[in-house]
Amino acid sequence: MLSREDNERLVRVGPGTEMGQLMRLYWIPFLLAKDVPADGQPYRVRLLGEDLVAFRDNEGRVGLVDHACPHRGAPMVFGRNEDGGLRCVYHGWKFSVEGRCLEMPAEPANSRMPAAMRIKSYPVRERNGVLWTYMGPEPEQAPPLPSVEWNMVPEEQVALSVRVQECNWLQALEGEIDSAHAAILHGRADNSGIINQWKQAQDLAPTFECSVQEAGVSIASRRQVGEDANYIRVNQYMMPFWTLVPPQSQYPELSGHAWVPIDDEHTLCLMFSYHPDQPFYEKTRKVFKEGHAGRQTGHSSEDSFEKRPCTDPYHTYWSVFNRGNAYQFSAELAKKYNAGLPGLWVQDAACQSGVAAIYDRSQEHLGTTDTGIVRTRRLLLDSLKRLAADGQRPVSATDPDQFLWRAISITIPAGGDWKQAGAEVMKAKLGQGFGYVP
């Protein structure tokens, strides 16, 4: 159980909030690079409760600036992206990607206003098809981009998707570090299909063990395999909003999410699947993009988004599966699948978001399989306390190599030490394979 007060501390992310201050110490992935073409229309963004627009100038530089012109508050999403800057259509004030005012055509030629005027802006970095921003203090002293493996291997080894989820970031994230649900929620009532053959489906009551480190929490589930072996799956939580999921034997790939807070009640879900040392499987990539037999995979398919006006933040990433239509629940599907919901991520999102955008966690009754969730909450609350007490930042906020972790699925002797057995293969080593057979 989490008290209402502590839940509020963890899920409120706007300027001036405790969690908002912690989040702003990290680089945040906020868009795919393809969403912001050179000289293209600005793209509305909301991050940590702040309304912004992203644009790429004619030299390829990306800016992330306030959504409202500082002159009279006109929408910058309607701005003209031209000649090295974004021009407000109202009176023509033009701003560079750094936020400097370049022109004020309606003011006298000798006016000092342009030199003194700025629009709020945040630095942007681009790496392997992903745009990152740093919203913290002293942006000129921002740390290096985090060494997350999926964004450092060649792009042909990675499959990416983005969607908006209708709940706070922590509710979404906790669903992925809770591996006890997987074979139950995603299984089939008719006991057929691949998921029902997963090793974790053979033991629905695993024991959970956690190890806390500078980056976050390693969350291991231990299942009996035969009489003398344990099947160990280790999910990783990394500060502040990262999760890593172990490979399945049928799908030898690594995956995970960045659960980026849009505001207190919406989350930008950036999902990555990748192979550490080989090009990603084209057949699998195709299934991610198109879905399978009318159902969603872990990735949202390209045709699963509803049209929204360009003035809505992330207007291209709102799903047709949402709370308003019960995530397209079907009683007919429920005859075949444990959950009558059309696919993996939809099943997860419906359970994480279906009751409320901010659920009252004081109403929970946690069990032994929730050990990882409890430890993650404790780590976050302790981090907030240290930051508030003396400004102490988490080590991972300044050391990019703290993110070089992998989630793993290994088989060890019954009662064996998974931390020792998995120590080397939990280290992400660029260009190297799994180091074991998943």
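**Exercise 1.** How many nonpolar, polar and charged residues does the lining of the second largest cavity have?

*Solution.* The model is predicted: local features need pLDDT of at least 70 and side-chain atom pairs pLDDT 80 or more, while totals for chains, interfaces and linings use all residues. Residues are numbered from 1 along each chain as its sequence is written, and side-chain values use heavy atoms, without hydrogens and water.

Step 1. A cavity is a set of points, on a 1 Å grid over the protein atoms alone, where a 1.4 Å probe fits but cannot get out; lining residues have an atom within 4 Å of a point.

Step 2. The lining consists of Val148, Glu149, Trp150, Met238, Leu244, Phe272, Tyr274, Phe403 and Trp405.

Step 3. Ala, Val, Leu, Ile, Met, Phe, Trp, Tyr, Cys and Pro count as nonpolar, Asp, Glu, Lys and Arg as charged, and the others as polar. The division is eight nonpolar, no polar and one charged.

**Exercise 2.** State the volume of the largest cavity and the classes of its lining.

*Solution.* The volume, the space filled by probe spheres set on the points, is about 60 Å³. Residues of the lining include Trp27, Asp399 and Phe403; by class there are nine nonpolar, two polar and one charged.

**Exercise 3.** Give the strand order of the open four-stranded sheet and explain its edges.

*Solution.* Strands are DSSP runs (E, at least two residues) numbered from the N terminus, and two strands pair if DSSP finds at least two bridges between them. The order is β2-β3-β4-β9, with antiparallel pairing. β2 (43–47) and β9 (121–122) each have a single partner strand, so one side of each lacks a neighbour in the sheet. Two bridges join β4 (residues 62–66) to β9; Val65 has Ser121 as its bridge partner in β9.

Definitions and conventions: On a 1 Å grid over the protein atoms alone, a cavity is a set of points where a 1.4 Å probe fits but cannot get out, and a pocket is an open set with protein on both sides within 12 Å along at least five of seven lines; lining residues have an atom within 4 Å of a point.
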